[in-house]
Amino acid sequence: MVESIIEVTGLVKHYPLTQGILFKKQVGAVKAVDGVDFTLNKGETLGIVGESGCGKSTVAKMLVNLEQPTAGSIKYKGEDITQLSGKALKSVRRNIQMVFQDPYTSLNPRMTVGDIIGEPYDIHPEVAPKGDRRRKVQDLLDVVGLNPEYINRYPHQFSGGQRQRIGIARGLALRPEVIVADEPVSALDVSVQAQVINLMDRLQNEFDLSYVFIAHDLSIVRHISDRVGVMYLGRIVEIGRDAEIYDHPTHPYTQALLSAVPVPDPEAREHRERIILAGDVPSPTNIPSGCRFRTRCWKAQERCALEVPALAVPSEFRLTSGPAAHDSACHFAEEMQVVPSEGPAGELPRTPPDDLANGRE
Amino acid sequence: MPEPQEPEGAIAGTGMGGAMDLAVSEATTLEKGPGQAGGPQGKPRSLWSDAWRDLRRNPVFIISGLVILFLVVISLWPSLIASGNPLKCDLAKAQEGSQPGHPFGFDGQGCDVYTRTVYGARTSVTVGVCATLGVAILGSVLGGLAGFFGGFWDSILSRITDVFFAIPVVLGGLVLLSVVTSNTVWPVIGFMVLLGWPQISRIARGSVITAKQNDYVHAAKALGASNSRQLLRHIAPNAVAPVIVVATIALGTYIALEATLSYLGVGLKPPTVSWGIDISAASAYIRQAPHMLLWPAGALALTVLAFIMLGDAVRDALDPKLR
Amino acid sequence: MLLEVRDLHVEFRTRDGVAKAVNGVDYAVDAGETLAVLGESGSGKSVTAQAIMGILDMPPGRIAGGEILFQGKDLLKLKEEERRKVRGAEMAMIFQDALSSLNPVLSVGDQLGEMFVVHRGMSKKDARAKAVELMDHVRIPAAKERVKQYPHQFSGGMRQRIMIAMALALEPALIIADEPTTALDVTVQAQVMDLLAELQREYNMGLILITHDLGVVADVADRIAVMYAGRIVEQAPVHDIYKAPAHPYTRGLLDSIPRLDQKGQELYAIKGLPPNLMAIPPGCAFNPRCPMAQELCRTDEPPLYEVSQDRTSACHFWRECLNG
């Protein structure tokens with residue numbers, strides 16, 4: 001029996017657009033997150049992928065209470081953390097920590113590494129008695145693969161990868177159960193990315209952590225995640241186990257996204273078809289009716305403009321038990337293999353109709 | 001304001017073009033790969049100590065620093081280099097030029113110009129330092145709080161600063177100070193703080209807003225840090241540099257403003273010894289006895305210049321990007 | 001050969017000393033060919049490109065040696081005046097950040113048209129017509145209407161298309177694209193790369209593609225030059241290098257990227273950090289991070305060994321590396 005640790009239901013974040021200098025009047029809203037549901041199970045990694053502006057970072061901020069949701073709930077072990085304040089909020093914060101994208105702005109340049117990693121203990125003094133802190137900080141440095149003697153150095157004396165390790169050490173200080181990582185490796189060089197990902201993998205086992213791993217790089221997300229959710233324009237359009245999403249995607253957006261990822265194999269380029277999407281992502285202030293992907297979808301029909309597709313197992317797969325039977329918010333879901341595998345050229349993806357394949361932005 | 005876009009640029013850590021493709025940032029890094037011992041390079045170096053190291057090598061800083069140090073010393077202990085009394089004058093010697101024991105000559109009242117110039121430093125430094133301190137404290141507290149909390153009070157404060165910016169300083173001085181009868185430096189300082197704080201408050205507000213968007217502030221907030229902790233420990237140390245720079249430069253301009261107001265007769269009044277008063281008195285005799293004007297005016301110009309140069313040097317050291 | 005870079009050296013004077021950004025780079029591009037220059041930050045890949053274009057900031061930069069032969073002439077010996085004529089007309093560059101490369105207060109039509117007014121002496125009206133034509137060519141829909149719009153009114157992908165149009169305007173013989181799609185989303189990235197490759201074929205241009213993305217390289221390049229610490233450590237046709245790298249650094253890079261088609265075990269990670277350019281290790285610059293390093297690597301800088309006719313490697317042990 002899998003035990004869920006975080007349950008997100010109907011999460012919404014709208015930023016009001018206002019006019020006026022002193023007395024502001026709302027004229028619209030940026031719908032950054034517009035109805036997101038998911039569950040994070042204990043000990044697993046949930047990957048969230050999507051392109052810029054899809055709302056994935058806003059979801060991350062709400063999970064660690066840096067943003068207040070406009071609606072919806074985030075339940076940590078059954079308790080809605082969006083309703084908490086004061087002491088109760090502070091104690092929940094101990095258990096959900098965040099690792100940030102940019103290792104250059106996420107560490108205070110005026111503080112030493114020891115002060116940065118030790119700050120959690122200043123804020124939550126009950127976790128570590130004063131005399132114990134220095135040793136704890138040095139232990140943490142060691143755990144993330146940095147020399148404990150560097151405790152008095154300043155962040156600018158470290159490289160990007162090392163700074164990200166410091167950020168991870170800070171996130172671990174309070175022994176949280178959940179770590180929300182927002183693009184933790186996208187600012188790092190390829191060779192350093194692998195080091196940090198391996199570190200996160202190792203720490204997950206060592207400290208029994210659950211991760212919400214947010215990234216735009218689909219290969220990295222597959223590597224680290226047990227389950228993956230694909231976001232588009234403020235909503236999750238498809239979610240499932242990694243093999244279900246990558247090898248048996250049923251939502252057209254997921255298929256287009258996967259087909260566009262460049263694969264480091266020059267042999268693949270001759271026999272690979274890309275699904276080229278038409279048009280741009282619509283503005284989050286003016287979201288299309290019905291299915292929000294329909295304006296760029298080659299399968300779109302009248303029904304898509306009228307009915308919002310629910311995120312559930314599509315009816316055609318409901319009775320099967322294969323890998324295609326996972327949640328997908330599409331009225332016309334069908335399986336399509338788009339990721340070229342190591343195998344021979346036989347597994348060509350089905351190509352979309354010509355006029356749409358040629359559709360341009 | 002809405003915050004519609006997420007900062008999710010897929011900019012990997014590769015060179016964004018420009019010479020910064022260089023791993024100059026890697027230059028001072030410390031190495032410890034898995035299974036490797038850490039290298040012993042480098043001592044802990046804070047940004048402040050880096051700035052101080054830069055300053056010590058900067059001749060502009062050294063020169064302006066020495067001038068200011070000298071000024072401060074003689075304003076504390078003017079008798080170190082001037083044995084006379086600035087108020088002891090001999091009308092018989094009025095407007096006389098340089099002579100032994102009186103290198104700068106005498107002014108229109110027969111007072112020793114050298115002694116008066118030395119004693120004038122005290123007034124200038126007092127006015128400059130007190131006005132700057134007042135402006136910096138009031139401005140950064142108000143501006144910092146407005147920038148941090150935002151919202152209604154921030155809008156109010158911004159409109160108030162707009163109003164203050166619209167007041168011409170000299171005209172304001174003529175109007176406000178002409179009704180004051182006190183003979184001390186305090187009304188002048190008070191006037192400067194009243195009109196000067198909006199400048200610092202704007203800068204402090206902007207720099208707090210920039211600093212509070214950094215992820216390290218978000219990180220502290222996510223840890224459960226209180227507002228005061230976020231402000232004092234994370235934002236203030238990273239937002240204070242522009243305030244220091246502008247305040248240093250402003251110090252010079254306050255000294256010049258004091259002289260201007262005294263020249264116009266609404267600033268300090270005799271018997272206070274001030275360069276502005278002496279310049280004012282001497283300007284009537286510029287043809288007959290230019291030395292009476294040149295010494296206090298030269299001292300004033302040198303002092304103002306020293307503070308402005310110091311401010312420049314400090315800015316260069318605190319923000320190497322501007323170079 | 002369209003462009004040949006020979007033994008190029010570039011240094012930067014910094015506060016803490018001299019940084020050797022480029023240390024003897026040799027590469028060549030032919031018309032119609034795509035050369036991918038692959039490297040991490042600090043490898044010198046962008047600095048080399050800036051030296052070719054003549055847009056290096058000097059000082060602090062300084063070209064310490066070598067030659068850049070473009071259509072037979074050494075660009076480094078030309079006067080700034082002559083160099084300027086080459087730039088834009090004969091070689092053009094596309095940058096990563098299209099938004100900051102475009103002037104926000106001029107309409108895109110004015111910016112595109114300016115190329116023709118300045119270089120070709122066209123009238124404003126003809127230049128505007130040319131601009132529309134170019135925008136059509138890079139497949140910006142409704143070019144006629146959008147030509148009057150300003151850069152911020154276009155999406156990221158569209159802006160990059162405008163940058164491409166600008167680079168192509170005078171039909172240069174060589175295009176240098178520095179991370180042209182790094183800032184774009186994957187779906188847009190694919191469109192822009194496809195467009196670039198197609199136009200390159202159409203005009204038979206040489207293309208130098210500077211990138212850190214092994215996936216993009218595999219998609220479009222004919223040949224790859226892998227850079228590390230200011231040197232090219234391996235140069236080979238694209239198929240060969242992915243099949244069997246002849247330098248441990250290339251091997252490490254290829255092994256360290258996660259795969260899209262399967263969930264991997266622990267990733268291979270190159271240990272350590274890229275070198276400090278002010279203190280590049282003696283011998284082979286990669287030796288402190290190399291799993292194959294021997295005593296020889298710590299003392300002798302490897303020459304460019306010829307692996308096969310069109311393939312070189314700067315590794316003393318390229319044979320062992322090639323055989324895994």
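In β2(A), which residue is the bridge partner of Thr18(A)? The bridge partner of Thr18(A) in β2(A) is Gln26(A).

## Basis of the model

This is a predicted model, in which local features need pLDDT of at least 70 and side-chain atom pairs count only at pLDDT 80 or more, while totals for chains, interfaces and linings use all residues. Residues are numbered from 1 along each chain as its sequence is written, and chains are lettered from A and ligands numbered from 1 in the order in which they are written.

## Chain A as a whole

Chain A holds 11 helices and 11 strands. Helices (H or I, at least four residues) and strands (E, at least two) are DSSP runs, numbered from the N terminus. The C-alpha trace of chain A spans about 70 × 60 × 45 Å along its principal axes. A compact globule of 361 residues would have a radius of gyration near 21 Å, and the 22 Å of chain A agrees with this. The radius of gyration is taken over C-alpha atoms, and the globule rule is 2.2 Å times the number of residues to the power 0.38.

Of the 361 residues in chain A, 53% count as buried. A residue is buried if 20 or more other C-beta atoms lie within 10 Å of its own, exposed if 12 or fewer, and partly exposed in between, with C-beta atoms placed from the backbone. Among the contacts in chain A with a separation of 6 or more, 65% are made by residues 24 or more positions apart. Two residues are in contact if their C-beta atoms, placed from the backbone, lie within 7 Å.

## The antiparallel sheet of chain A

Four strands of chain A form an open sheet in the order β2-β1-β4-β5, with antiparallel pairing. Its edge strands are β2 (25-41) and β5 (79-80), each of which pairs on one side only. Two strands pair if DSSP finds at least two bridges between them.

Strand β1 (residues 4-19) of chain A runs antiparallel to β2(A), and 13 bridges join them. The partners Thr18(A) and Gln26(A) belong to this part of the chain.

β8(A) pairs in the parallel sense with strand β3 (residues 45-49) of chain A over 5 bridges. Here Ile48(A) stands opposite Ile214(A). β8(A) also pairs in the parallel sense with strand β7 (residues 178-182) of chain A, over 5 bridges. In that pairing, Val180(A) has Val212(A) as its bridge partner.

## Gly47 of chain A

Gly47(A) is found in strand β3 of chain A. Gly47(A) is buried because 25 other C-beta atoms lie within 10 Å. Its C-alpha atom is separated by 5.8 Å from that of Ile214(A), 167 residues apart along the chain. Leaving aside neighbours within four places in sequence, Gly47(A) is in contact with residues including Phe213(A), Ala215(A) and Val221(A).

## Where chain A meets chain C

In chain A, 40 residues are in contact with 41 residues of chain C. Helices α6 (190-207), α7 (218-224), α8 (242-247) and α9 (252-260) of chain A each supply at least two residues of the side that touches chain C. α6(A) gives the most, with 7 residues.

The residues of this side of chain A divide into 18 nonpolar, 10 polar and 12 charged. Ala, Val, Leu, Ile, Met, Phe, Trp, Tyr, Cys and Pro count as nonpolar, Asp, Glu, Lys and Arg as charged, and the others, Gly among them, as polar.

## Chain B and its helix α8

Chain B has 10 helices and 0 strands. Buried residues make up 43% of its 323 residues. Of the contacts in chain B between residues at least 6 apart in sequence, 69% join residues at least 24 apart.

Helix α8 (residues 227-263) of chain B spans only 47 Å between its end C-alpha atoms, whereas a straight helix of 37 residues would span 54 Å at 1.5 Å a residue. The expected span is 1.5 Å times one less than the number of residues. α8(B) has a kink of about 55° at Ala236(B), shortly before the proline Pro237(B). The bend at a residue is the angle between axes fitted to the seven residues ending there and the seven starting there. After α8(B) comes Gly265(B), whose phi is positive, near 90°.
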